Amino acid sequence: MNYNLGIVLSGGGVRAIAHIGLLQALKEHNIYPEIISGTSGGALVGALFAAGYQTKTMLQFFEETPLFKFSMYSLNKPGIMDTDKYSIFFDKYFKNNSFEALQKPLYVNATNILNGQVAFFHKGQLIKPLLASAALPPIFSPIEIGENLYSDGGILNNFPIEPLRFMCNKLIGSFVNPLTNIDKNEVKSTMALIQRVYHIGLDAKDLIKFDQCNYIFSPPTISNIGVFDNKAVFKSYELGYQHALLEMPKILKCLN
């Protein structure tokens, strides 16, 4: 099947909420992506969008879902937080728990840590692939699906254009992990080091895919928001929304 417009949403933790700002701006200009591919935080945004939720509800999901909570700590599992425990926050928004129940087709990727390959999910149960796609090690435990264990899709592919590139007439890419120079004082904690090393590896593989999109959305100041800064939900959204409005003439030109 061929679609007029598809959208690819990168991972990025809290930064991925900027995708919602882009989607809202597109809606206000009567631009509606018909099919979505996303990884990690982008997969969560993509699933909410594909389910038909409005911007307010999408933001509410991220407000209600804690990144770190004592009751979510892992026991007898690899990883600090038990990713399976987060399913209770997803059940409320994805009651039918299936890709088929979504209003738009969605592709979600995760990393199979047993065979070291990328896996794309687009049918069957929805919540476990979403959890797996966002389960960044070593913070979050891997998710068991079938006989395999899956972790964050961004480990191997943080810009999952592959399912869409031959299915769409036009493609928008939204990338919220630009690699910028930082000061050594910004790498003072284990968490900061994990984030930095993770993003260095991501950018090298993803940038070469940008020329396959008609337009790339990448807010230049998004790096000011911490990947795990759960107090920056609205800041990330607003940054994405305002940048999308500034870019709208370019977006419209690229899609015509």
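The model is predicted.

Start with helix 2. The buried residues include Gly41, Gly42, Ala43 and Leu44. Val45, Gly46 and Ala47 are also among them, as are Leu48, Phe49 and Ala50. After the helix comes glycine 52, which has a positive phi, near 90 degrees.

The volume of the largest cavity is about 440 Å³. Its lining holds 28 residues. Gly13, Leu44, Leu67, Ala134 and Phe140 lie nearest the centre. Leu44 is also one of the buried residues of helix 2. Three helices each supply at least two lining residues: helix 2, helix 3 and helix 5 (127-133). The lining divides into 19 nonpolar, 8 polar and 1 charged residues.

Now turn to the second largest pocket. Its volume is about 230 Å³. Here 14 residues form the lining, and Lys27, Tyr32, Phe49, Tyr53 and Gln54 lie nearest the centre. Helix 1 (18-28) and helix 3 (55-64) are the elements that give two or more residues to this lining. Helix 1 gives the most, with 4 residues. By class, the pocket lining has 7 nonpolar, 5 polar and 2 charged residues. Phe49, one of the residues nearest the pocket centre, is buried in helix 2. Helix 3 supplies at least two residues to the cavity lining and two or more to the pocket lining.

Tyr53 brings in the aromatic residues. The structure has 12 aromatic pairs. In one of them, the rings of tyrosine 53 and tyrosine 93 have centres 5.8 Å apart and planes at 75 degrees. Planes over 60 degrees apart count as edge-to-face, so this pair is edge-to-face. Tyrosine 53 sits in the loop between helix 2 (41-50) and helix 3, while tyrosine 93 sits in the loop between helix 4 (87-91) and strand 3 (106-112). The pair therefore ties together parts that are 40 residues apart in sequence. Are the two partners buried or exposed? Tyrosine 53 is partly exposed, at 26% relative accessibility. Tyrosine 93 is buried, at 5%.

A second pair has a wider sequence gap to span. The rings of phenylalanine 159 and phenylalanine 210 have their centres 5.2 Å apart and their planes at 70 degrees, so this pair is edge-to-face. Phenylalanine 159 belongs to the loop between strand 6 (148-151) and strand 7 (168-174). Phenylalanine 210 belongs to the loop between helix 6 (190-206) and strand 8 (215-217). The parts they tie together are 51 residues apart in sequence. Phenylalanine 159 is buried, at 0% relative accessibility. Phenylalanine 210 is buried too, at 17%.

Tyr53 and Tyr93 also belong to one aromatic cluster, together with Phe61, Phe62, Phe90 and Phe94.

The loop that holds phenylalanine 159 also holds glycine 154, between strand 6 and strand 7. Glycine 154 is buried, with a relative accessible area of 0%. In sequence, glycine 154 and threonine 39 are 115 residues apart. In space, their C-alpha atoms are 6.2 Å apart.

Next, a charged side chain. Arginine 15 lies in the loop between strand 1 (3-9) and helix 1. Arginine 15 is buried, with a relative accessible area of 9%. What does its side chain contact? A polar contact of 3.4 Å joins it to the side chain of asparagine 177. A polar atom of the arginine 15 side chain also lies 2.7 Å from the backbone oxygen of isoleucine 225.

The whole structure has 0 disulfides. A disulfide needs sulfur atoms within 2.5 Å. Cysteine 168 is buried, at 11% relative accessible area. Cysteine 213 is buried as well, at 12%.

Definitions and conventions
Residues numbered from 1 in each chain as written. Predicted model: local features only at pLDDT ≥ 70, side-chain atom pairs only at ≥ 80, totals over all residues. Heavy atoms only, no water. 1 Å grid on protein atoms, 1.4 Å probe; cavity = no way out; pocket = protein on both sides within 12 Å on 5 of 7 lines; lining within 4 Å. Points joined across faces, edges and corners; volume = space filled by probe spheres on them. Nonpolar A, V, L, I, M, F, W, Y, C, P; charged D, E, K, R; others polar. Phe/Tyr/Trp six-rings, centres within 6.5 Å; stacked < 30°, edge-to-face > 60°. Buried < 20%, exposed > 50% of the residue type's maximum accessible area, 1.4 Å probe, protein only. Polar contact = N/O pair within 3.5 Å; in protein donor to acceptor, adjacent residues only side chain to side chain.
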